[in-house]
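Could you look over this one before we talk?

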Amino acid sequence: MVQVNGNYLKLKAGYLFPEIARRVNAYSESNPDTNLIRLGIGDVTEPLPLACCQAMKEAIEEMATNNGFHGYGPEQGYLWLREAIAENAFQSRGCKIAEDEIFVSDGSKCDSSNILDIIGDGNRIAVTDPVYPVYVDSNVMAGNTGFSGSNSRYEGLSYIALDATNGFVAEIPTSPVDLIYLCFPNNPTGAVATKEHLADWVEYAIKNNALILFDAAYEAFITDPSLPHSIFEIDGARECAIEFRSFSKNAGFTGTRCAYTVIPKSLKGKTANGEAVDLWSLWNRRQSTKFNGVSYIVQRGAQAAFSLDGKSQIEKLVHFYMENAQIIRNQLSKSGFEVYGGQNAPYVWIGAPNGISSWDFFDLLLNKANVVGTPGSGFGAAGEGYFRLSAFNSRKNVEEAMQRIVRI
Ligand code: MLT
C-alpha cells in the first residue's frame with residue numbers, strides 16, 4: 001500500500017464549509033419544505049457584470065475561428081490582463097507594481113496554499129485567531145505544525161488573538177516570526193487595517209526579515225477612503241510582502257475563477273546556508289511547472305472588469321452587497337446583538353447571544369430561523385462565542401433572514 005501524507009491525519013475535522021454544508025443537508029433532508037436562507041459561505045449571488053459577460057462571449061466567438069483560437073496561454077497570465085491589473089489596481093494608487101510582478105491564477109484560496117511550495121521548513125509562522133481556515137490547514141498539510149491541542153490550536157503555529165478589546169486588529173508580536181498571514185479587510189471579522197497599522201507590520205517584517213502574506217481579496221468593499229487597499233501602499237512592503245487578490249467577490253467570479261498574486265522582484269528569501277534567493281523566480285518556476293494558466297475566455301472577462309462599464313457595474317454590485325451588510329448591522333444592533341464589521345467588508349461578525357457557543361447558535365438559527373451562518377469557532381479558538389453572517393445574498397433574503405433572526 002502506498003504511504004499517505006500523515007500530515008493530513010493531523011487535520012482536526014472536515015474543512016469548515018463542507019462541514020456546514022453537511023449539517024445543512026442533513027437538516028434539509030429531514031425538513032424538505034423549509035426555505036433556508038444561506039448567509040454562511042461568502043459566495044456571491046448576483047449575476048456577473050455585463051461587461052465581463054460580453055467580453056467572455058466575444059472571446060468564445062474568437063476561439064471558434066482559426067485566427068482567434070488560443071491554446072495554452074502564458075503561465076503567468078496574458079500581458080494585457082497583467083497590464084490592466086498593474087495600472088488599475090496598483091499604479092493608480094501609487095503602488096510601484098509592474099505587470100511582470102503579477103501572476104494570474106484561478107483563485108486566492110489556491111495561491112495562498114500553494115505559496116507554501118516555495119517556503120522551506122523550520123519557519124516560525126504566525127496566523128491570527130480567528131483566521132481564514134485555509135492558512136492554517138495548508139500549513140498542517142505541508143508539515144509545518146504538530147498536532148492540535150485541546151484548545152484546537154496546532155503546535156508550532158503562533159496565534160495572534162483578535163478580539164473586541166483590540167478592535168479585531170492584529171497586534172504586532174513581541175517576539176520574532178518569519179512568516180505572517182494577514183487578511184484585510186478581514187475574513188471573518190470584517191475588521192480593517194489603517195495605513196499606520198500596516199506600516200507597523202511592514203516595519204516589524206523588515207526588522208525581523210519576515211515575509212507577510214497579505215490577503216486583500218475583500219479590498220473592493222472598503223468604503224472609508226483613508227484605508228489602504230494594498231499593502232504595497234506602504235513604503236518598504238516591496239521588500240517584505242506578497243499580496244493575494246481576486247475577482248471572486250467584487251466581479252462575482254467565484255464560479256468563473258480568476259485571481260492574481262503579486263510578488264515584487266525585490267523580495268528575497270534565503271537558502272538553508274543563508275544565501276539570498278528571489279521569491280519571484282521560485283514562484284515563476286513553480287507556476288510554470290505545476291500550472292497552465294487561466295483560460296483565455298476567463299482572462300478576457302477579468303480584463304473587462306477594468307473597462308469603464310466594468311468598473312461602474314462592479315461598483316454597483318459592491319454597493320448592493322454593502323447595503324445588505326448595513327441592513328444586517330442595523331437590524332441586529334437594534335435587537336441588542338453585539339455587532340462588528342460590515343462597514344468596509346461584506347462580513348458582519350456578531351456575538352452569539354446569552355453566552356451560548358458558536359455551534360449552538362448555528363444550530364439555533366438553522367432550526368428556529370432556517371438561516372445558515374458560520375460559527376465563529378470554525379475560524380479558531382478565539383472565534384468561540386461569535387458568529388459570521390455574509391452580506392452576499394439577494395435583498396429579499398437578507399431582509400427576510402433578519403426578520404427571522406430577531407424573532408427567535
Ligand atoms: C468564506 O466564506 O470565508 C469564503 O467564501 C472563503 C473563500 O473565499 O474561499
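1. A word on the model: it is predicted, so local features need pLDDT of at least 70 and side-chain atom pairs count only at pLDDT 80 or more, while totals for chains, interfaces and linings use all residues. Numbering runs from 1 along each chain as its sequence is written, and side-chain values use heavy atoms, with hydrogens and water left out.

2. Which residues sit around the ligand? They are Phe-17, Ile-41, Gly-42, Lys-109, Tyr-132, Asn-187, Tyr-218, Lys-249, Tyr-347 and Arg-388, going by a heavy atom within 4 Å. Domain 1 (7–47 + 309–407) and domain 2 (53–306) each supply at least three residues of this shell; the bounds come from an automatic or database domain assignment.

3. For polar contacts (N or O pairs within 3.5 Å), Arg-388 has a polar side-chain atom 2.7 Å from a ligand oxygen. For Asn-187 the distance to a ligand oxygen is 2.8 Å, and for an N or O atom in the side chain of Lys-249 it is 2.8 Å. The protein buries 85% of the 270 Å² that the ligand exposes when taken alone (Shrake-Rupley, 1.4 Å probe).

4. Two cis peptide bonds to check: Asp-129 to Pro-130, with omega about 5 degrees, and Phe-184 to Pro-185, with omega about -10 degrees. Pro-130 is in the loop between β3 (125–129) and α5 (133–141); strands are DSSP E runs of at least two residues, helices H or I runs of at least four.

5. Phe-168 has a positive phi, near 60 degrees, and is buried at 3% relative accessible area (buried is under 20%, exposed over 50%, with a 1.4 Å probe and protein chains only). Asn-354 also has a positive phi, about 55 degrees, but is exposed at 79%.

How values were computed
A polar contact is a pair of N or O atoms within 3.5 Å; within protein, one must be able to donate a hydrogen and the other to accept it, and residues adjacent in sequence count only if both atoms are side-chain atoms.
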